[in-house]
Amino acid sequence: MKKQKTLVSWSTGKDAAWTCLQLAQDPTIEIVGIFCSVNAQYQRTAVHSVRIELLQRQAAAMNLPLDIIEIPYPCSNIEYEAIMDAFVGQAKQREVVNFAYGDLFLADIKNYRVNNLVGTGINAIFPLWKLDTQQLANDMLVGGQKAIVTCVDPRRLSADYVGKVFDEAFIASLPEGIDPCGENGEFHTFVFDSPLFSDAIDIKTGELNSEGHYTWIDLELACSNGS
């Protein structure tokens, strides 16, 4: 049976990385790359605010091609959809049949993704959809995935959580009503190790920043010994 060529929507975070891991174990799927939207002005990933060099290091650790989709800032919905339409066209030329997303339970976001691909010949698939997020968070940790919290929405979660490692203690400390996977936008993460990575990414935390509704920490590659 011919495998389905699939591109994974990549945020640099834990849900995208776990999506990749699930698909890598699916005999019907061939992951042919990841794609990520980047703020063209700041040269950082959207929402997570991660430097492009860290994004590139993740792709290299998984030995997967990376498509960086530059989005102007500010950007209207019309501009954004035109940019994405062009990317879909390029993916079609590469015989891609699926875009995979790490969404968990927000139906409006899922419907938006599905509707944007109607008639393109590319399907939107959601390997983690409707999984119990407490169990999912635990599975990620038991499965050897390691992440750091890069960004929080302080309207929902204290900025004190920025820079914390996503681990058992982090999950246990979350206030009542906060999703353990941050699916409501409470927090976002950067994965620095995964079963799919050839090696862990050595990072260090930098300056804390606030912009708009988010507080985020600057992550950098840590210098190796002797460099």
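Q: Helices (at least four residues) and strands (at least two) are DSSP runs, numbered from the N terminus. Between which strand and which helix does the loop with Lys-130 lie?
A: This is a predicted model. In it, Lys-130 sits in the loop that runs from strand S6 (123-125) to helix H5 (133-142). The backbone there has a phi near 65 degrees, which is positive although Lys-130 is not a glycine.

Q: Does Lys-130 count as buried or exposed?
A: The cut-off for exposed is over 50% relative accessible area. Lys-130 has 58% relative accessibility, so it counts as exposed.

Q: Which loop holds Thr-12, and what is its phi?
A: Thr-12 belongs to the loop between strand S1 (4-9) and helix H1 (14-24). Its phi is about 85 degrees, again a positive value in a residue that is not a glycine. A residue under 20% relative accessible area is buried. Thr-12 has a relative accessible area of 0%, so it is buried, whereas Lys-130 counts as exposed.

Q: Which peptide bond is cis, and what is its omega?
A: For the bond from Tyr-73 to Pro-74, omega is near 0 degrees and the bond is cis. Pro-74 is placed in the loop between strand S4 (66-71) and helix H3 (77-93).

Q: How many disulfides does a search of the whole structure find?
A: A disulfide is a covalent bond linking the sulfur atoms of two cysteines. In this model the search of the whole structure gives zero.

Q: What does His-188 touch, and where is His-188 found?
A: His-188 is part of strand S8 (residues 187-193). Leaving aside residues up to four places away in sequence, His-188 touches Val-47, His-48, Ile-148, Val-149, Thr-150, Cys-151 and Tyr-214. Its relative accessible area is 16%, so by the under 20% cut-off it is buried.

Q: Which residues does Ile-29 touch?
A: Ile-29 is in strand S2 (residues 29-39). Not counting residues up to four places away in sequence, its contacts are Lys-3, Gln-4, Thr-6, Leu-23, Asn-98 and Ile-125. Ile-29 counts as buried, at 8% relative accessibility. The C-alpha atom of Ile-29 is separated by 30 Å from that of Asp-202, 173 residues apart along the chain.

Q: How many helices and strands does the chain have, and what is its radius of gyration?
A: The chain has six helices and ten strands. Its radius of gyration is 17 Å, close to the 17 Å from the globule rule for 227 residues, so the chain is as compact as a globular protein of that length. The C-alpha trace spans about 45 × 45 × 40 Å along the principal axes.

Q: What describes the chain in terms of burial, contacts and surface?
A: Of its 227 residues, 46% count as buried. Among contacts between residues at least 6 apart in sequence, 68% join residues at least 24 apart. The accessible surface is about 11,200 Å², and 49% of this belongs to carbon and sulfur atoms.

Q: How many positive and negative charges does the chain have, and how far apart are their mean positions?
A: There are 17 positive and 29 negative charges, with mean positions 5 Å apart.

Key: Residues numbered from 1 in each chain as written. Predicted model: local features only at pLDDT ≥ 70, side-chain atom pairs only at ≥ 80, totals over all residues. Heavy atoms only, no water. Buried < 20%, exposed > 50% of the residue type's maximum accessible area, 1.4 Å probe, protein only. Contact = heavy atoms within 4.5 Å. Disulfide = S-S within 2.5 Å. Rg over C-alpha atoms; globule rule 2.2 N^0.38 Å. Areas by Shrake-Rupley, 256 points an atom, 1.4 Å probe, with all protein chains shown as cover. Lys, Arg positive; Asp, Glu negative; His and termini not counted. Charge placed at Lys NZ, Arg CZ, Asp CG, Glu CD.
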